[in-house]
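Here are a few notes to read alongside the model. Have a look at it first, then work through the points one by one.

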Amino acid sequence: MMGASTKEGYDIAKKSRKIVRSLIKDQIKDLTLEEQDIVERIVHSTADSEYAKLVKISPNFVSNSLKALKNKEDILTDINMVKAGITQYEGNVECYIKNEMVKKIAKEEKITRAAAAIEYAAKNDFKGIIAIGNAPTALYKAIELYEAGEISIASIVGVPVGFVGAADSKEKLQNTSIPNITTNGPKGGTPVAVAIVNSLIQSSKK
C-alpha cells in the first residue's frame with residue numbers, strides 16, 4: 001500500500017508535470033511523444049520553461065539512444081553528480097573523472113580531467129551513450145575522438161553549462177553526424193543531463 005507521504009509526493013509531481021505541459025504545449029506540439037517527455041522533464045527539473053525553446057534534438061537521437069539502452073550499452077558521464085542522478089538503469093553507468101589513470105593522462109597531455117576521462121573511456125573500448133552536463137572540454141574531446149574513429153558513440157547528451165566554451169561546444173556537436181541533444185547558449189547542467197537520460201531510460205522500458 002502506498003504511504004501517505006509517497007502518495008503526496010507522487011501527486012505533487014503529477015500536478016507539476018501537468019502545469020509544465022500547459023506552459024510549453026505550443027513549443028513541443030510537433031515533437032514525438034518521447035521528445036515531448038524529454039523536454040517536459042527538463043522544464044520540470046529546472047523550473048525553467050525557456051528550455052522548451054532551447055532544446056535541440058537531432059532526428060536520430062531518440063531512436064539511437066533507445067536502441068543502446070535496450071542493448072544495455074554503457075552510459076558515460078562527465079562528472080559523478082550526473083552519474084548519481086541516473087538511478088534506474090540496468091546497465092553500467094560510468095564516470096572516470098577520479099580515476100588515477102585519467103589524472104595521469106590529464107597531466108601528461110595538459111588537458112582537463114573531464115577530457116582525459118573521455119580519452120580513457122575510448123582506450124578501454126567504450127560503446128554507448130555519453131552524457132555531458134558540465135564540461136565543454138569533455139564534449140570537444142568526444143567529438144574529436146568520434147571523428148577520428150577512435151570511440152563508438154550511440155548518442156551524446158551534450159548540455160554543458162557555463163559562459164566559457166559551453167555554447168560553442170554544443171554548436172559544434174550540432175554540426176556533426178553524431179546523434180545528439182543539446183541546449184542552445186550557456187544553459188544546461190547536471191539537472192538537464194539527468195532529466196534527459198532518465199526520460200530515455202523510462203521510454204526504453206515501454
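At what angle do H8 and helix H9 pack, and how far apart are their axes?

1. Keep in mind that this is a predicted model. In it, H8 and H9 (residues 166–174) pack at an angle of about 25°, and their axes are 9 Å apart. Angles under 35 degrees count as roughly parallel, so that's what we call this pair. The crossing of H8 past H9 is left-handed.

2. Who makes that contact? On the H8 side, look for Pro136, Leu139, Tyr140 and Ile143; on the H9 side, the residues include Ala166, Lys170 and Leu173. Sorted by type, the contact residues come out as six nonpolar, one polar and three charged.

3. Now try helix H7 (residues 113–123). Nine of its 11 residues are buried, so the rest of the structure largely encloses it. Among the buried ones are Ile118, Glu119 and Tyr120. Their packing partners are strand S2, helix H6, strand S4 and H8. After H7 comes Asp125, with a positive phi near 60°.

4. On to salt bridges: the whole structure has nine. Arg41 and Asp37 form one at 2.9 Å, N to O. Both sit in helix H2, four residues apart, about one turn of the helix. Asp37 has 17% relative accessibility, so it counts as buried, while Arg41, at 24%, is partly exposed.

5. Compare Lys72 and Glu90, whose closest N and O atoms are 3.7 Å apart. Glu90 is exposed at 65%, and Lys72 is partly exposed at 40%.

Notes. Residues are numbered from 1 along each chain as its sequence is written. This is a predicted model: local features need pLDDT of at least 70, side-chain atom pairs count only at pLDDT 80 or more; totals for chains, interfaces and linings use all residues. Side-chain values use heavy atoms; hydrogens and water are left out. Buried means under 20% relative accessible area, exposed over 50%, partly exposed in between (1.4 Å probe, protein chains only). Helices (H or I, at least four residues) and strands (E, at least two) are DSSP runs, numbered from the N terminus. Contact means heavy atoms within 4.5 Å. Axes are lines fitted to C-alpha atoms, for helices over the stretch in contact, and angles run from 0 to 180 degrees between N-to-C directions. Angles under 35 degrees count as roughly parallel, over 145 as roughly antiparallel, 65 to 115 as roughly perpendicular and the rest as oblique. A crossing is left-handed if the near helix is turned anticlockwise from the far one by less than a right angle, and right-handed if clockwise. Ala, Val, Leu, Ile, Met, Phe, Trp, Tyr, Cys and Pro count as nonpolar, Asp, Glu, Lys and Arg as charged, and the others, Gly among them, as polar. A salt bridge is a side-chain nitrogen of Lys or Arg within 4 Å of a carboxyl oxygen of Asp or Glu.
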